[in-house]
Amino acid sequence: MDTAASLDQQKIVLEACNLRRVVAPDKAIVDDISLAVQKGETLAIVGPSGSGKSSFLRLLNRLDEPTSGTVFLDGVDYTTLSPRMLRRQVGMVMQSAYLFPGTVTDNITFGPRSRGEQVSKQRIQELLEHVQLAGYETRDINGLSGGEAQRVSLARTLVNDPQVLLLDEPTSALDEATRSGVEQLINTIMHSQGLTSIIVTHDMAQAARLADRVAVIKSGKLERIGTVEEVLHDTIA
């Protein structure tokens, strides 16, 4: 992992500025959060259940709209980008793999096809090899295990060549044996491609294994942010 000093010297890719989302009078599920993520950095977001972690993540690519505040992607206010363009550049992998009916190839190529783009067979093969599913091109999604489905979901996001990868509890719905394999795969992909990543997790040990820095969110507020050692050393000791 990079040191805090080297991270400070890197380019900021994603910056949340005073993000707030109110869902009822006086009920802010995300409350004035500001933070910046640097190129190639992995930031883990931790906190109690219902603290606003996933709600904050969804604001970063406008799956939900902020009540106030904004996000800058490479210095550009994301409200100036179409949602489709934004989500291509800021990809997201959910807790459960929501796949479309059809084959693995149908799912991987869904995004590009919706933009009128074609994905070559070679590119599909490369992606499947990358997520350790070589030869799965024609597999029907109904026959996939939970771990295989999550790998397809990851490939479907990576085909768009995102600048930022958002991961919302990507292993929590998997059994223990599968969880370890998918986590290792995510870690390999993030570091081999130098992806800028933000992962929401309830697992402090997972945050320590994957992240350069950790942000703690409680009651919708950013309580603390710092290196793994600074934020989690007491929890994971």
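Guide: Two strands count as paired here if DSSP finds at least two bridges between them, and the model to which this is applied is a predicted one.

Visitor: Over how many bridges do β4 and β5 pair?

Guide: Strand β4 covers residues 68-73, and its pairing with β5 runs in the antiparallel sense. Since pairing requires at least two bridges, the count to compare with that cut-off is the one found between β4 and β5, which is two.

Visitor: Which strands are the edge strands of the sheet?

Guide: Four strands form an open sheet with antiparallel pairing, in the order β2-β1-β4-β5. An edge strand pairs on one side only, and this holds for β2 (27-38) and β5 (76-77).

Visitor: Which residue in β5 is the bridge partner of F72?

Guide: β5 is an edge strand spanning 76-77, and its pairing with β4 is antiparallel. Within β5, the residue bridged to F72 is D77.

Visitor: Within what arc do the buried residues of α8 fall?

Guide: Helix α8 runs over residues 176-192 and reaches 24 Å from its first C-alpha to its last, close to the 24 Å expected. Its buried residues are V182, E183, L185, I186, I189 and M190. Seen down the axis of α8, these buried residues line one face of the helix, because they fall within an arc of 165 degrees.

Visitor: Which exposed residues does the face of α8 turned away from its buried side carry?

Guide: The buried residues of α8 are covered by elements including β3 (42-46), α6 (121-130) and α7 (146-158). The face turned away from that buried side carries the exposed residues E176, A177 and Q184.

Conventions:
Residues are numbered from 1 along each chain as its sequence is written. This is a predicted model: local features need pLDDT of at least 70, side-chain atom pairs count only at pLDDT 80 or more; totals for chains, interfaces and linings use all residues. Side-chain values use heavy atoms; hydrogens and water are left out. The expected span of a helix is 1.5 Å times one less than its number of residues. Buried means under 20% relative accessible area, exposed over 50%, partly exposed in between (1.4 Å probe, protein chains only). The arc is that of the directions from the helix axis to the C-beta atoms. Contact means heavy atoms within 4.5 Å.
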